[in-house]
Amino acid sequence: MASIDPGATAPPPVAPDATVVEVTDDTFVQAVVEESHRRPVVVDFWAEWCAPCRMIGPVLERLAAERQGAFLLAKLDVDANPQAAQAFRIQSIPAVKAFRDGKLVDEFIGAIPETAIRQFVDLVLPSESDRLVEQAEALEQAGRAEEAERTYRRAFELDPRSVGAALGLGRSAIARGDLEEARRLLQPLRPDPEAERILAAVEVSGWASDDRPGDADGPLARAERAAADGRFQEALEVFLAAVRNGSEDDRGRAREAMVKLFAVLGDADPLTQEYRRKLASALF
């Protein structure tokens, strides 16, 4: 997909109470992609000569006014802004695309009935479960764990398919020491990256046990306990040495352990970046 040039000069920010804006190639990134991290953005790709566009355009504008800024309607003239049209492979108009959290989440093409457009907007807007998840995340970040868990549970009861609610309940279960509940909640979410990270953390926390198979006093077992205690660099050094110089069984166990710790730490962590390079060098 072609990229959109954000322009050398930053465009003015979108007003928080705006309901409809005209966007261009130069303002698309800020007015659509960045704004969609604050609220949903519905983009109407249209042109002056397009008769169906003149049918659905007023409906979208009316819905944007009715929802009083709950979503932003961004109107883009494809003739005047070919870069955005090319980036999103616009071949037929009207084309309407919805963005949330910087990502395209839904779309339709052509003039559809107003009832269908209303359903489209309803699905794009945050649900009551979504709003509860946002509240729970704020409570979690503020250290109010019990309130956060209760709010996540309400969100999950409203929508058992809510990934955010399941992730929050999984984190809450781990904080309470209920690792089995965390696994039950998070296993169905795979391969979601956050679920994978939390499940890896659950497995690493289990390394603290002395009744794991193998030599409980050996270097790999001690490294696993160090990792379970949060001493990640110490553990990674031992695992790396085993990958380089250990027996075939120890090499496999150490490599898998390092991969688990990378998942726990995340791709952006300096330890992940450093030891992933060292692991690759040791293996190849």
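The model is predicted, so local features need pLDDT of at least 70 and side-chain atom pairs count only at pLDDT 80 or more, while totals for chains, interfaces and linings use all residues. Residues are numbered from 1 along each chain as its sequence is written, and side-chain values use heavy atoms, with hydrogens and water left out.

Two packed helices are described by the angle between their axes and the distance between the axes. Helix α9 covers residues 193–205 and helix α12 covers residues 248–265; helices are DSSP runs of H or I with at least four residues, strands are runs of E with at least two, and both are numbered from the N terminus. The axes of α9 and α12 come within 8 Å and cross at roughly 125°, where axes are lines fitted to C-alpha atoms, for helices over the stretch in contact, and angles run from 0 to 180 degrees between N-to-C directions. The two helices α9 and α12 are therefore oblique to each other (angles under 35 degrees count as roughly parallel, over 145 as roughly antiparallel, 65 to 115 as roughly perpendicular and the rest as oblique). Contact, meaning heavy atoms within 4.5 Å, is made by R197, A200, A201, E203 and V204 of α9 with K260, L261, A263 and V264 of α12. These residues divide into 6 nonpolar, no polar and 3 charged (Ala, Val, Leu, Ile, Met, Phe, Trp, Tyr, Cys and Pro count as nonpolar, Asp, Glu, Lys and Arg as charged, and the others, Gly among them, as polar).

K260 is located in helix α12 and is partly exposed, with a relative accessible area of 27% (buried means under 20%, exposed over 50% and partly exposed in between, with a 1.4 Å probe and protein chains only). Residues up to four places away in sequence aside, K260 touches A200, E203, V204 and W207.

E180 belongs to helix α8, residues 179–186, and is exposed at a relative accessible area of 54%. The side chains of E180 and R183 are joined by a polar contact of 2.6 Å (a pair of N or O atoms within 3.5 Å; within protein, one must be able to donate a hydrogen and the other to accept it, and residues adjacent in sequence count only if both atoms are side-chain atoms).

S36 occupies the loop between α1 (28–34) and β2 (41–46). S36 is buried, with a relative accessible area of 2%, and its side chain reaches the backbone oxygen of V33 at 2.7 Å.
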